[in-house]
Structures are given as C-alpha cells and as structure tokens.
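Subject: Handing over the structure

Dear colleague,

Here is the structure I promised to pass on to you, and below it I have written down what was found in it. Please keep it open while you read, so that you can look up each place as it is named.

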Amino acid sequence: MVTPIRPSTPARFAAPAAPAAPPAPFGLSLLRGWWQQPRRRKQVATGAALACLFAGGLGYGSWTRVCAAERCPSIARIDPRAGPQQTSKVYAADGRLITELGIQRRTVVPLSELPLHLRQAFVAVEDKRFYSHHGIDYLRVLGALKTDILSLSWAEGFSTITMQLARNVFSDQISREKRISRKLKEARVAVELERNFPKDTILELYLNQIGLGPNIFGVEAAAQVFFGKSARDLNVAEAATLAALPKAPGNYNPRTHPDRAVARRNVVLGLMRDQGYITPEDAELWKAYPLVLTSRRTSYGDVAPYFVEWLRSSFLGPRFGRDLYEKGLRIYTTLDLDMQEAAERALQSQLDEIEAGVYSNGKFEGRSTYREYIEQGRASGDDQGPFSPYLQGALLALDARTGNILAMIGGRDFVDSKWNRVTQSSRPPGSTFKPFVYSAAVRAGWPADTLLDDSPLNPPVIQLDSSLWQPKDYDDTTLGMIPMRMSLYLSRNLSTIKLGMGLGEQTVIGEARRYGISTPLPPYPSIHIGAREAKPIELIAAYTTFANLGTRVAPIGIQRIEDRQGNILFQSTVQKEQVMDPEHSWLMLDMLRDVMRCQPGSRPNRCGTAANAVAGLRVPMGGKTGTTDDYTDAWFVGFTPEIVAGIWVGYDLQQRIMGNAGGGRIVAPAWTKFMRDVYDRRPAPADWGRPDSLITREVDWSNGYLATPFCPLEVRRWEWFYPGTEPTQVCPVHPPFGVGITP
C-alpha cells in the first residue's frame, strides 16, 4: 500500500495555486497575429489615411459646393441700421396701442435697451458659448453627432444663435428641413455673419428676428402680447419664459400650454444658474414666480376694427404700399379709446333692446336676431356676401372743432361683415336732411316764425311714371299753418316739402352741397324729406357746421405718421370751410336745439321729436331725428359744442325695422347713452355764444305778428331775428296794446 505524501503545512494555510490563463479567443489571436505583421499595419494606416482624406474631401467639397451657383444667401442683404421687417403700430389719440399692421408682428428694440437678464436667458439656453465661438460651436457639433448616432435619429441639433439668425433672416433660401445641406448653409452664412458683424450686433438682430409665436417675431412683440409690457420692463422669470419659446413656440406657448411653459421656463432658470448668471437662491425665487399674463384688451384686431380698416384701405395702403407692412411706421390716430368703448356699449345695448322687443310690445318683427344668427353658426349656404341678415347699426363721433374722428362703429360684427356702414353705405337720411332745407330758408332771409302750410299737397306732384306723389306725416295728421321753427322740431313732412318747393329744388341741392353732401340729388320734391341716399360720414360731418356756428370741418382719422426713427412722414391739418355766417347759423342752431327740448306752456306739439329720449342729459345740445318711408332706416344726429355724433339703425338690404321705428324713439336713446357716458367723465361744455347783432321780439306764433298783452299766452313767444327780418306790425287779431320789445 502506497503511503500518500502529506504536505508540510496545513491545507487551510496553503497558498492557492495560480489560475491558468484562459486561452485567447480564436478571432483575437488571429487579429493579434495579423496586426503584428508590419505589412498589415501599413495597409491599415494607409486605408485610414485614405478614409480621412475622403471624408475631408467630401466635407470640403460639401462646404464649398453647398453655396455654389448662389444657392446661399448673401449677407449683404443685412443692414443692422435698417433692421428687420417690422409691423406698423397704430395708436389712439392718447398714445395707447390700437393694433399692428404687418406681415410679421415685430418691434425692433436696440440691444442696449434690453435688460441684461433677458440677453443672458437666451444665451444660456440657446448658445452658452456664443461669445467664444465664431459661428459654429464644434464641441456642440460633436455632442450632437454622438447623440444622433446613438439614437439613429436627429435627436439633437447644434444650431448656434448665429446659425438660427441665418435661418430666420434668409428663410426663403434656407429651409427648415432636417437635412445636412441645410445645416451646411446655416453654418456657411453663420461664419460670414461672424466675420462681418460684432457679437452684440448679431445678438440684437437675433432677439429682434426670432419667432416666438404665431405671427409674433422678436422679444418686444412677444413681451407685449404675453405680458402687456415692453421687453425693457421684463423681470427674470418673464425673460426666461420668452427664452423658453424658440425650441418649440407652439408647444411652450404660455397662453395655450401654461404648465409646459412654466416647466420649460424653470429649465432656462436652471441653466442661467449653472452658467453663473444668477445665484442659486435667485433661481429658486424666480422658479416660484407665478405665470401672470396680460388680460388687457390690446391690439390685434378687436379694437375699432372698422376704423382701422378704413384707414388702411383708404389712406395708408395707397400711400405707403408695402412699407406699411414692413417698415415699422408709427401711425397716431384721432381715436379716443374711452369714447370708442362708450359708443360700442351704447349702440350694442340699444340694438339688443330693439331685438328684445322693448319697443314693440315684447315681440321683434325681424326674421332673426343677431344672437340667434350667431347661435346658428353665422352665415349659411345662402351667404349674403358683405351684407348681414340681422339688424345693423353704425355710429360716428367727431370732434366738432377739428373734425377728428373720436369713435367709429361700421357695423355690429366685423368678423361676420367687414362692410363699413359709416363710410361705404349710402342710405336715405330721412328727416336728418331737413336742416339743409331750413338752412336755405334762413339764408334767404326767412325768419324762424315764418308760417308754413302743413296740409296735403294741392295739386299733388306728378311723378315720372305719371303717378301722383302724395306724401304724409308719420301720424297721418296735418297741423295747418305753423311756424317754421315748429315745423322743424316736430319734423313735419308736408310743411317742409312746401318750404323746399318754394325755395326751389336747385336751391336746396346747392345748400346741401355747401354742407358737404356729394351723393346725387335729383331735383325732385322728395329730396326735401331725405328720400335720396347720403353717405353717413358726410351727413354727420355736415352737422359740425351747426356745432361751430357756421364752420364745417372735414373728418380726420390720422394726426401724424412717423417712420421708426421718428421722422414725420405725414401731418394732418384741420380742413375748415365757412358755410354760413355766425348770425344765421345761430338761428339754425337754436331751431335744432328745440328738437331736444320742450317749449314753455302746456299746449300740444310743444316738445321736439327727441325731447323725451334726451331728458335728463344736462349739456348744451341740438340735433335732428330721421326716419324713412315704411320705417326702413332710423337716424339721429346730435351735437354739443364739442362733439358731433350720428347713429343709423336698419338692415343692409332694406326692410321694415318695425312699426313706429322713428329715429327719436329707437335711435336717440343710444345717442343719449353715449353722451351721458362721455360727460360722466368730463365737464359739460359752455353754451354757445349768441351773436350780439341778433335782436329779439315777442311774437304771436299763430300769425307771425308782434304779440300784444292780449294775445293768448300759449301763442306768445320770444323769437330771435336777423336784423331787418323782424316783424314790425302788431297782431291784428287781438287788441293792439303793449308791444313787446325785450324779454
């Protein structure tokens, strides 16, 4: 038996045997053997060198050929002094922004006026090595290539601020497709930009060019849209919110996606902290800052759209062409935003009341109301083009002294119908035309107490079709012989027609032309009661003559226009024309004031057609109601010494509004609402001054003679006369004792 050999040390203390080296894999052994051959190493080195040369040649060829045949834009198109395209700004009279006109909404702000933290926010998130590279950030390129190769997609980009500027400025030649050729074009143009412009100039161009939302370009436009303030006034959190947008403006829009916007904003704040622009404490403070967006009614189409479109189409577009949309003009208008809003409230509430049946025993006669039309989805298959099927209204308010347009409402809904009923329509003015007839009479020396015959035409007027024209008054009554003053404030048709026929149609037409009425007026008796069309803007402007004691002023919508450097390109001037001397004009004014008030006493027919509607309004005022045949158009044009305002109500395609739809009944209340709103915020104006040359006499209205103490009180009135037109004979009907000379 063989005795085993025992080890000299215990087995538990014995050193472990060295493990045997594992055999090398067959492939690796082969590669080592292959690589150890000098000839093979030389072949690999040569292949690698050729590959590098090929890649370098391919890159160089792509770099040089990508812009061949002028496929890359020339940076000569960039003029930092001129800046990018920017919208023209339209301002109200007090400097508040109304709207912007342009292809791209943009306002250029110099870099020096932008807060430092706004610039830092964009640099931190978009290009942290902006001030150290020369257009291309090669470290970022390598990082992006690694990410894209590993993900087998275009997961990460490497555009610098300069490359983004190139893409934004030359969007017509550098597309947004994710292609190598596009990136090469961006890089080539970026290098050229860096060679020709300082870094701050590039950053200024970028911050004024970058798209930050739908039709929002540049930080100033974005600051106004989202925060209602200038970019100059943004705090750190607001600046970071804007800096978050370039990555995906639609995805991080703070209005539509506030949660995403805040999350992305906080990422930007973190980057600003990491790069030393703000302290960690400030970063946490601003991350907790709430997202507060502006809710104020700004521009962008909802403020006085009819007024803005009228200016654009009638003056701005024809005068400035494309410059209006690209050169950043500053247009200062005459619009009073407070009056505009008051006008909108007054007109809309009045139209709502009419449609609610307030003036028709609870039932509206129209086919459909505006609200029903909107609820049914606006226009249907039988779209009426620019015209709407519901009850419409229009309003124009002017500064009586200058003609400045203070408020304009061209219709009820600009989105539904852009037809401007103030400037584009021609409508029968009805009785609002009558003051021109009476003005012709006053000019001809007819005193206000001249008796007119308010009875049917005899013989009746034969019309062109051989039919008889037999007009009548709305109440189908006649008053017999009445003073001219009463005929006007009661708006009597028959007496007015006879007055106009006595003066002659051509005389009345000439008088209307003096007041600025330009529409065709055929020499027929029906013109005396406003049967022919007139443009609302002309009719309302004509009444400035009465408010100014004989001087007519033309409507003006623009005060001045400046270019972006502040140079004045256009300045308006007040256009005045003397229509009538102050004495005769004051007599007309006094008769029109009677439309708004009641005569002393208790006799019938003593109140003007608008007296009830304006009751309680304590300002000097005058005006005239207007209603057309079959109640298809209703008007009221009224004025104070400061403001002339006219309102029209009716359908675009003429149809009856409702029964008894007189201007004094359904339109004058809207004028009263508007004026009360206006004068609640400003002191009442001083009354008109009466020319010293006018004289007064107490007359008997029943016969036009000087009154005696024995004439009945209800027919005695103190009347004003132009010298030489006053009565001299005592009333022959009553005992001739005591002739009145002064009040």
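Cys598 counts as partly exposed, because its relative accessibility is 34%, and Cys607 is likewise partly exposed, with a relative accessible area of 26%. In this model, which is predicted, Cys598 and Cys607 form a disulfide in which the sulfur atoms are 1.9 Å apart. The link of Cys598 and Cys607 is right-handed, with 110° about the S-S bond, and the structure holds 1 disulfide.

What, then, of Cys711, and how far is its sulfur from the closest cysteine sulfur? The closest one belongs to Cys731 and lies 3.8 Å away, which is too far for a bond, because a disulfide needs two cysteine sulfur atoms within 2.5 Å. Cys731, for its part, is in no disulfide, its nearest cysteine sulfur being that of Cys711. Are Cys711 and Cys731 buried or exposed? Cys711 is buried, with a relative accessible area of 3%, and Cys731 is buried too, at a relative accessible area of 1%.

A few places in the backbone also deserve a careful look. As background, most residues other than glycine have a negative phi, and most peptide bonds are trans. The peptide bond that runs from Asn458 to Pro459, however, is cis, with omega near 5°, and Pro459 is found in the loop between β8 (451-454) and β9 (461-462).

Asn605 is not a glycine, yet its phi is positive, at about 60°; you will find Asn605 in the loop between α22 (582-593) and β16, where it is partly exposed, with a relative accessible area of 36%. Asn660 has a positive phi near 55°, again in a residue other than glycine, and its place is the loop between β18 (643-650) and α23. With a relative accessible area of 38%, Asn660 is partly exposed.

Sorted by class, the lining of the second largest pocket has 12 nonpolar, 21 polar and 10 charged residues.

Finally, here is the chain as a whole. The chain has 24 helices and 20 strands, and of its 743 residues, 52% are buried. If you take the contacts between residues at least 6 apart in sequence, 69% of them join residues that are at least 24 apart. The chain exposes about 35,000 Å², and carbon and sulfur atoms supply 55% of that area.

Conventions:
Residues numbered from 1 in each chain as written. Predicted model: local features only at pLDDT ≥ 70, side-chain atom pairs only at ≥ 80, totals over all residues. Heavy atoms only, no water. Nonpolar A, V, L, I, M, F, W, Y, C, P; charged D, E, K, R; others polar. Helix = DSSP H or I, 4+ residues; strand = E, 2+ residues; numbered from the N terminus. Buried < 20%, exposed > 50% of the residue type's maximum accessible area, 1.4 Å probe, protein only. Contact = heavy atoms within 4.5 Å. Areas by Shrake-Rupley, 256 points an atom, 1.4 Å probe, with all protein chains shown as cover.
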